[in-house]
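Me: Hi! I'm new to this one, could you walk me through it?
Reply: Happy to, let's bring it up first.

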Amino acid sequence: MDVRSQIAMVFHLDKCIGCHTCSIACKNIWTDRRGAEYMWWNNVETKPGCGYPTRWEDQQSYRGGWEVADGNLRLKSTSKARIVANIFHHPSLPTLDDYYEPWTYDYQELFNAPEGPDQPTAKPISMVTGKYIDIEAGPNWDDDLGGSPVYAENDPNLAGLTEEQRAQLSAVERLVFFYFPRICNHCLNPSCVAACPSGALYKRGEDGIVLLDQNRCRGWRACVPACPYKKTYYNWSTGKSEKCILCFPRLETGQAPACFHSCVGRIRYLGVLLYDAARIHEVALSSDEELVDAHRSLILDPHDPAVIEAARRNGIHESVLESAQKSPVYRFVKIWKIALPPHIEYRTLPMLFYVPPMSPVMGQQTGGVVEHVSGDLFHDIDASRVPMKFLANLFGAGHEGKVRYALRKQKAVRWYRRALTVGDVEMGVAERMLREADCSSEEAEAIYRLTSLCTFDDRFVIPPMHREEAIEMLEDPLEHKQGVGFGFLQGPRRGL
Amino acid sequence: MPSAGNYLDVALFSVLPYVALFTFLLVTIERYRGQAFTYSSLSSQFLENQQHFYGLVPFHYGILTVLTGHVVAFFLPAGLLWWNDHPARLYVLEAAGLIFGLLTLVGLLAIATRRLNVPRIREVTSVTDWIVLGLLLMQVASGVYVALVYPWGSSWFAAIVAPYLWSLLELAPNLGAIAPLPLAVKLHITNAYLLILFFPFTRLVHVLVVPNPYLWRRPQVVRWYRRAPSPARHG
């Protein structure tokens, strides 16, 4: 057992209202620079939809993630043998047009336009070339199902759905969608790291944050196709790749990352998970059916004395162990099993988990009446407007079991609380639902509290990062006296 | 009395190479130490994908092959002369050299056209990029011209140019064999020195940071801030 700690995350999709505040918080802090205008380290997608970059989940063309070949893990996009062929021209690199051409507006036009029959307009200007452009795409072009005949119907997750199910999704006046906020998953088996020819990408040993060393990146671009979630970006101006840093300067000072902190719906949870690094390879090789369970089995019980002992041997600080025991993520993922990894079939073992959304699932029934009581209490989950298969393609590697389990439990908790506070549901029925959903009343209460009544400190249990013990702190400060600081001393100027 | 032409020969073939080589060594090392961030391929594939393929791929494969040929001829002139003993082998080598030279030239022209014509690419093109392209075009065009007009270069390079280059390395430049060479050949050699001279000031430095460790490192990279990594650990 090789115990390591990881800052892991849960996004509760049932609470996401799609306001994009997280994206703006991130953009304002990190990607408001030349060459980075098109990057959204945090973005919120509408599902069903094509996402950003367009159809990023289509690994036939983007070649992201891992595949199992002859019992071995292999990157889809590159390999040691293919490096010479790929380094001059990467065959599966997305281009700016797969994202969108960033723009601003020529506001002077509003004041300087000659008098005419029409209102003057601020013409859009490309932030790449500075020329006038016709806007053809944006980072949220299909927000709230905008242009859904073009975008929503091309969602790769619709694979395997029947014609009837597809028609149901896009029925007039009964459209259904939910939001899917995305950041870097800070994976346990990151394909961006494995693909980097320069070794510039790395995982921080202490907290598992995946970072990209700007001084070692040489712009070979291999990380961009390799990441199946398209969360590494190429800065066309500096000639270096960039990615989400999980706001590590904020984490190291005990603050939640900007996108977490600013979340209006309070959908985001952050905490430590302990995992067994020795089993990563074995787990990543599991079959599609076993992947979700195998991934979960990597996560270790922070109360288990054997785990604590092994963690101490590995130099994990007591305060980090304490955080792991209080981690909200551990409860959602491991104890309650209602948070699931996105697209686990890419085999990067993401450390961001999603609670699948209930709202559109519940809102279905014939004649506009939602059927609540039937012989089978979970009837409306399986016959929901968002087909279970669609959610399974997103969160269960195509297998519905795990998603159904999470939704049943959530529904049982709702009914239980309804029986308690509203009283229009018989307690006997609610308790039967809890039983059938593999949930005790204490657990239901705990899920309810952490979902609905959670405070800032419940949602974010940030371990002390102990930078005071970091090895670079041992550098002689006198050597840097009268300098501008430690570390990165020059501005990021493009090379000649 | 040496003529003006002789003075020029001395300047170009026994002074310039040292100036170029020392500049190259000093500036690349200093730039790597002080401004590692500027070492990048500065790829523009992200901004334009199609023409990128038709320019970059032939150019890189072409130039790598031709350069390898030059390096082999420099280190193993006797081996080359032995290979060329049979006319058939000589023809194969010469034809291959010419084909890869033309491939490089075609790729280079495609690259220059792309830089001129694509507005997005012009945004990421600097003056030094044009200097590099100009020097490379001159180098490759003169090389192809020499291969066409003065054939069997693989043999006379081994017999004339290789000894001259070795004499440079031995710090005793011997211009005797070089002086009577045709103008096109002299241009090719001089331009090569200019390329070496400008190399460290341009994007060409990406050649020096080719990703060799990738071939033998483990897939996953983990950096510890609180302990030195030990080989027994996973990842």
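Me: How many residues does the contact take from chain A and from chain B?
Reply: This is a predicted model, and in it the contact takes 48 residues from chain A and 47 residues from chain B.

Me: Which element gives the most to chain A's side?
Reply: That's β8(A), with four residues. The elements giving two or more residues to that side are α3 (83-88), α7 (191-195) and β8 (201-204) of chain A.

Me: And how do the residues on that side divide into nonpolar, polar and charged?
Reply: On the side of chain A that touches chain B, 20 are nonpolar, 16 polar and twelve charged.

Me: Back to β8(A), what does it pair with in chain B?
Reply: With strand β1 (residues 222-223) of chain B, in the parallel sense over two bridges. A:Lys203 has B:Val222 as its bridge partner in β1(B). In β9(A), the bridge partner of A:Lys203 is A:Val210, and β8(A) and β9(A) pair in the antiparallel sense over three bridges.

Me: What order do the strands take in the sheet?
Reply: It's an open sheet of three strands, β9(A)-β8(A)-β1(B), with mixed pairing. β9 (210-212) of chain A and β1 of chain B each have a single partner strand, so they stand at the edges with one side left without a neighbour in the sheet.

Me: New topic: how many residues are in helix α4 of chain B?
Reply: α4(B) (residues 87-117) has 31 residues and reaches 44 Å from first C-alpha to last, close to the 45 Å expected.

Me: Which of its residues are buried, and what covers them?
Reply: The buried residues of α4(B) include B:Phe100, B:Leu103, B:Ile111 and B:Arg114. Among the elements covering the buried residues of α4(B) are α2 (50-75) and α6 (127-149) of chain B.

Definitions and conventions
Residues numbered from 1 in each chain as written. Chains lettered and ligands numbered in written order. Predicted model: local features only at pLDDT ≥ 70, side-chain atom pairs only at ≥ 80, totals over all residues. Expected span 1.5 Å × (residues − 1). Buried ≥ 20, exposed ≤ 12 C-beta atoms within 10 Å, placed from the backbone. Contact = placed C-beta atoms within 7 Å. Nonpolar A, V, L, I, M, F, W, Y, C, P; charged D, E, K, R; others polar. Pairing = 2+ DSSP bridges.
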